[in-house]
Amino acid sequence: MARPKKTHDPFRWFDSSPEVIRTVVMMYVKFPLSLRNVEDLLAERGIDICHETVRLWWNRFGPMFAAEIRRKRVQKMRGFTHWRWHLDEVYVKINGEMHYLWRAVDHEGEVLESFASKTRDKPAALKFMKKLMKRHGPAKAITTDGLRSYKAAMKELGNAEKQEVGRWANNRAENSHQPFRRRERAMLRFRQMKTLQKFSSVHAAFHNHFNQDRHLISRETYKAQRSAALAEWKTLAG
């Protein structure tokens, strides 16, 4: 008789409960708080941890939670047509040098992909778009700004006819940068590009999960959706 497979418990080597770890990671990634802010807020609730523990937990569990959120959302979205993407890139300064964070959002503001690079030329745009299409498939229309790298990359991919460029057409992508910018200021910028890539991906998944567009829905609907998001959050890596 075959032995039953042992379930992998990612929390088995930690003294704190999974509920506390999930709360700490959610607070740090979701809200524009510093490591010490999270430590102080938890101390008021009787949870005594060091700010370095907050750093350890988000580094250890943040990507794992984000990957599970992303996997579930991609599976749900495969049954629907991607009829418009918005692509844009923002400047991010790391140790005094300018880097670029490429981001793609859909027509509803859902962050689809984040990609950090040192340049914003054709190879960087091509790598970003290949990564995006590999995970989410093609879209009917792709809105970008006037950067020539997008046109060159899309021409090589064979979907240049899908590109749309307009003065205000890409406001959806521009507005989606705001939550990340607030989080960046709270972290006092990034020290390494790999940290930028890691955190931007985790932050995007968390933002998608908890963002309910509360200004567009009623109070009752918002409360119901918020409760559903929190209930699903408590089951991650369970």
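Guide: Start with charges over rings. A charge sits over a ring if NZ of Lys or CZ of Arg is within 6 Å of the ring centre and within 35 degrees of the ring normal. The charged end of Arg60 sits over the ring of Phe61, 5.9 Å from its centre. That of Arg183 sits over the ring of Tyr28, at 4.4 Å from the centre. This is a predicted model: local features need pLDDT of at least 70, side-chain atom pairs count only at pLDDT 80 or more, and totals for chains, interfaces and linings use all residues. Residues are numbered from 1 along each chain as its sequence is written, and side-chain values use heavy atoms, leaving out hydrogens and water.

Visitor: What do Phe61 and other aromatic residues form as one cluster?

Guide: A pair of aromatic rings is described by the distance of the centres and the angle of the planes. Rings of Phe, Tyr and Trp (its six-membered ring) pair if their centres lie within 6.5 Å; planes under 30 degrees apart are stacked, over 60 edge-to-face, the rest tilted. Phe61 belongs to an aromatic cluster with Phe11, Phe14, Phe65, Phe206, Phe210 and Trp233. The structure holds 15 aromatic pairs. Tyr91 and Tyr100 have ring centres 5.3 Å apart and planes at 50 degrees, so the pair is tilted.

Visitor: Which residues have the most contacts inside the largest nonpolar core?

Guide: In soluble globular proteins, nonpolar side chains tend to be buried together. A nonpolar core is a set of buried (under 20% relative accessible area, 1.4 Å probe, protein chains only) Ala, Val, Leu, Ile, Met, Phe, Trp, Tyr and Cys residues joined through side-chain atoms within 4.5 Å. The largest has 40 residues; Tyr28, Trp57, Phe65 and Phe206 have the most contacts inside it.

Methods:
Buried < 20%, exposed > 50% of the residue type's maximum accessible area, 1.4 Å probe, protein only.
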